[in-house]
Amino acid sequence: MDTVYLSADGSLDHRVRLEPDDVLNHRCLRCSLTSEVPIRRGTTYVDSTRMGTFDGEVTEFVPPTRIAFRETLHWFGSPMTQARPEYTLEGDETTTIVHHVAVGELYGWMRFMKPAAAWMANRERTRTLNSLKRFLESG
C-alpha cells in the first residue's frame, strides 16, 4: 500500500508512516470492520459511541492522500443523523497537513438538536486530529 512518510523530528532517519486507514483507526473509539480487509472503497464498519452505533462505509479511498466516510446513526430503525467526514493528507519529508471536511445531516426531531450536534461534531474532530497528531509525533 502506498503511504505518506513523515518525519517526526525533522530528520530523514526517523520516519512515521501515515496511511489513510490510520485515519479510520484514530477516528473510531470502538470501531469494528464488518467487511473484509484491506480497507478500501466500500469497506463497512460499525462505530459504537455514547449516542449509539453508527453504521459506516468508506466512500473514497485514494492512498496515500485521501479517505472519506459515510456514517449513519439509526434509533429504533429510523435514521437520526448522517455524517460524511473527509480527510485529505498532504505531506513531504518533514511535514504533513491533514485537511478535514465534514457534512452532517439531522433527521426528524433530531433537527432541533442542531446546536448540540455541532458542538459534538467539533469535539469529535478535535479528538480525531489530536489522536492523529499523537500518533505521528510518537514515531
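User: Which residues does Thr 43 touch, not counting residues up to four places away in sequence?

Analyst: Thr 43 touches Leu 33, Ser 35, Glu 36, Pro 38, Gly 56, Glu 57 and Val 58; a contact means heavy atoms within 4.5 Å. Do keep in mind that this is a predicted model, where local features need pLDDT of at least 70, side-chain atom pairs count only at pLDDT 80 or more, and totals for chains, interfaces and linings use all residues. Residues are numbered from 1 along each chain as its sequence is written, and side-chain values use heavy atoms, with hydrogens and water left out.

User: Why does Thr 43 count as buried?

Analyst: Buried means under 20% relative accessible area, exposed over 50%, and partly exposed in between (1.4 Å probe, protein chains only). Thr 43 has 2% relative accessibility, so it counts as buried. Across the chain, buried residues make up 32% of the 139 residues.

User: What does the side chain of Thr 43 reach at 2.8 Å?

Analyst: That side chain reaches the backbone nitrogen of Arg 40. A polar contact is a pair of N or O atoms within 3.5 Å; within protein, one must be able to donate a hydrogen and the other to accept it, and residues adjacent in sequence count only if both atoms are side-chain atoms.

User: Where is Thr 43 found?

Analyst: Thr 43 sits in the loop between S3 and S4. Strands (E, at least two residues) and helices (H or I, at least four) are DSSP runs, numbered from the N terminus. By that count, the chain has two helices and eight strands.

User: What makes S3 and S4 a pair?

Analyst: Two strands pair if DSSP finds at least two bridges between them. S3 and S4 (residues 44-48) have three bridges in the antiparallel sense, so they meet that definition. In this pairing, Cys 31 stands opposite Asp 47 in S4.

User: Why do S3 and S8 stand at the edges of the sheet?

Analyst: The open sheet has six strands in the order S3-S4-S5-S6-S7-S8, with antiparallel pairing. S3 (31-33) and S8 (96-106) each have a single partner strand, so one side of each is left without a neighbour in the sheet.

User: Which residues form the largest nonpolar core?

Analyst: Its seven residues are Ile 39, Tyr 45, Val 58, Phe 61, Ile 67, Phe 69 and Tyr 87. A nonpolar core is a set of buried Ala, Val, Leu, Ile, Met, Phe, Trp, Tyr and Cys residues joined through side-chain atoms within 4.5 Å. Strands S5 (53-62) and S6 (66-75) each supply at least two residues of this core.
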